[in-house]
Amino acid sequence: TAPATPPPGTLLRPLSLVGAAEGGPAVTARNDLQVLVQAVAETAASQARMIWLPPLPASLTLAALRASAAEAEPGVALALADYPEHQDMKAVRYDHRGAGGNAGIAGTPRSGKSTLLQTLVLALTQGISPAERQFYCLDLGGGGLFELAGLPHVGAVIGRGETEAAERLFRELRALLDERAGQRQAATAGNGGAAGPAWPDVFLVVDNVGQLRQSAPDLEPELIELATAGLPFRLHVVISANRWFDIRPQLLDALGSRWELHLADPSESLAGRQAASRVPAGQPGRGLTRDGHLFQAALP
């Protein structure tokens, strides 16, 4: 027989998984994919590894960086660098021993040079006696290095206009270099070439080295001499400049560690114009390693 036809004026109720059956609970429609995702989420022991790391932080403290950095690596951690090709972030370190003992920072005003110098000094003094590491600062920038004057490791902080004090500091450091060279020669002659005396590390920190050429041009050759001859005698030079071009080529060659912040002209970058163009202008502490990887410097 033919199927029954509904009376005129009536509608068949459509079949649906949405809504509530009479007298029963509401039922929500789900497709197969949603059911599968829920089942996997409920049984998964761990989440899949992300293929992209989060971006570099806008700021981080030296304490937070030290807590996350690997202690087994040499040197002190100063910044956090992004290595997207390895899907990794690593600490930017400064190792004062060996060829990297002299360091240079370049960047426009307010790009974070003085702050990075403060971070470097504080990192080097953590857990170290003043008898082991000593610092002498020449602040020709905005005065940020004077905040370090209270550290027992800091012997002097000299500012703009103190030409006589700056000249005396360079004389003392040159005399120290000559004294250690004599001690090394005497020790080598007396013990058949064995290692010389165990001297404390001495650091000369100059903020805004370009100003030195203008205010005390006679001291620039002395600075170059300390940088080129000082490392074997544990005397280190750490400088900052607004541009790499503000540093004499002979002095620049002696800087084994270099960090580049935002530059006014990316074409002057040592890491290349393309890499320098990725460094934002309004984010102090953001810069480039020597191989062109972005980093965020730690706050002191």
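## A walk through the predicted model

Glu73 is partly exposed, with a relative accessible area of 42%. Select that residue to begin, and keep in mind that you are looking at a predicted model.

**Stop 1: from Glu73 to Arg93.** The side chains of Glu73 and Arg93 come together in a salt bridge, 3.3 Å from N to O. This pair connects distant parts of the chain: Glu73 sits in the loop between helix H2 (62-68) and strand S3 (76-83), while Arg93 belongs to strand S4, and the two are 20 residues apart. Is Arg93 buried or exposed? With 19% relative accessibility, Arg93 counts as buried, because the cut-off for buried is under 20%.

**Stop 2: a lysine over a ring.** Select Lys90 and Tyr83 next. The charged end of Lys90 sits over the Tyr83 ring, 5.5 Å from the ring's centre.

**Stop 3: the nonpolar cores.** Time to go inside. The largest nonpolar core has 42 residues, and the members that touch the most others are Leu78, Tyr94, Val205, Val238, Trp259 and Phe295. Apart from it you'll find another core, this one of 33 residues, including Trp199, Leu226, Phe233 and Val237.

**Stop 4: aromatic pairs.** How many aromatic pairs does the structure hold? There are 3. Show Tyr94 and Trp259 for one of them: this pair is edge-to-face, 6.0 Å centre to centre, with 80° between the planes. Tyr94 is in strand S4 (residues 88-94) and Trp259 in strand S10 (residues 257-260), so the pair ties together parts that lie 165 residues apart in sequence. Both Tyr94 and Trp259 are buried.

Then pick Phe135 and Phe203, an aromatic pair that is stacked, at 4.7 Å centre to centre and 15° between the planes. Here too the pair links distant parts of the chain, with Phe135 in strand S6 (residues 133-139) and Phe203 in strand S8 (residues 201-207), 68 residues apart. Phe135 is buried, and Phe203 is as well.

**Stop 5: next to Phe135.** What does Thr125 touch, leaving aside residues up to four places away in sequence? Phe135 and His153. Thr125 is buried, at a relative accessible area of 7%, and its side chain reaches the backbone oxygen of Leu122 at 2.9 Å.

**Stop 6: back to salt bridges.** Across the whole structure there are 8 salt bridges.

- Select Arg174 and Asp178, whose side chains meet in a salt bridge at 3.3 Å, N to O. Both are in helix H4 (residues 163-190), 4 residues apart, or about one turn of the helix. Arg174 is partly exposed at 28% relative accessible area, and Asp178 is partly exposed at 43%.
- Select Arg243 and Asp246, which form a salt bridge through their side chains at 3.5 Å, N to O. Arg243 is partly exposed, with a relative accessible area of 34%, whereas Asp246 counts as buried at 18% relative accessibility.

**Last stop: a network.** Finish by selecting Arg213, Glu220 and Arg248 together. These residues are linked in a network of salt bridges.

Notes. Residues are numbered from 1 along each chain as its sequence is written. This is a predicted model: local features need pLDDT of at least 70, side-chain atom pairs count only at pLDDT 80 or more; totals for chains, interfaces and linings use all residues. Side-chain values use heavy atoms; hydrogens and water are left out. A nonpolar core is a set of buried Ala, Val, Leu, Ile, Met, Phe, Trp, Tyr and Cys residues joined through side-chain atoms within 4.5 Å. Buried means under 20% relative accessible area, exposed over 50%, partly exposed in between (1.4 Å probe, protein chains only). Rings of Phe, Tyr and Trp (its six-membered ring) pair if their centres lie within 6.5 Å; planes under 30 degrees apart count as stacked, over 60 as edge-to-face and the rest as tilted. A charge sits over a ring if NZ of Lys or CZ of Arg is within 6 Å of the ring centre and within 35 degrees of the ring normal. A polar contact is a pair of N or O atoms within 3.5 Å; within protein, one must be able to donate a hydrogen and the other to accept it, and residues adjacent in sequence count only if both atoms are side-chain atoms. Contact means heavy atoms within 4.5 Å. A salt bridge is a side-chain nitrogen of Lys or Arg within 4 Å of a carboxyl oxygen of Asp or Glu.
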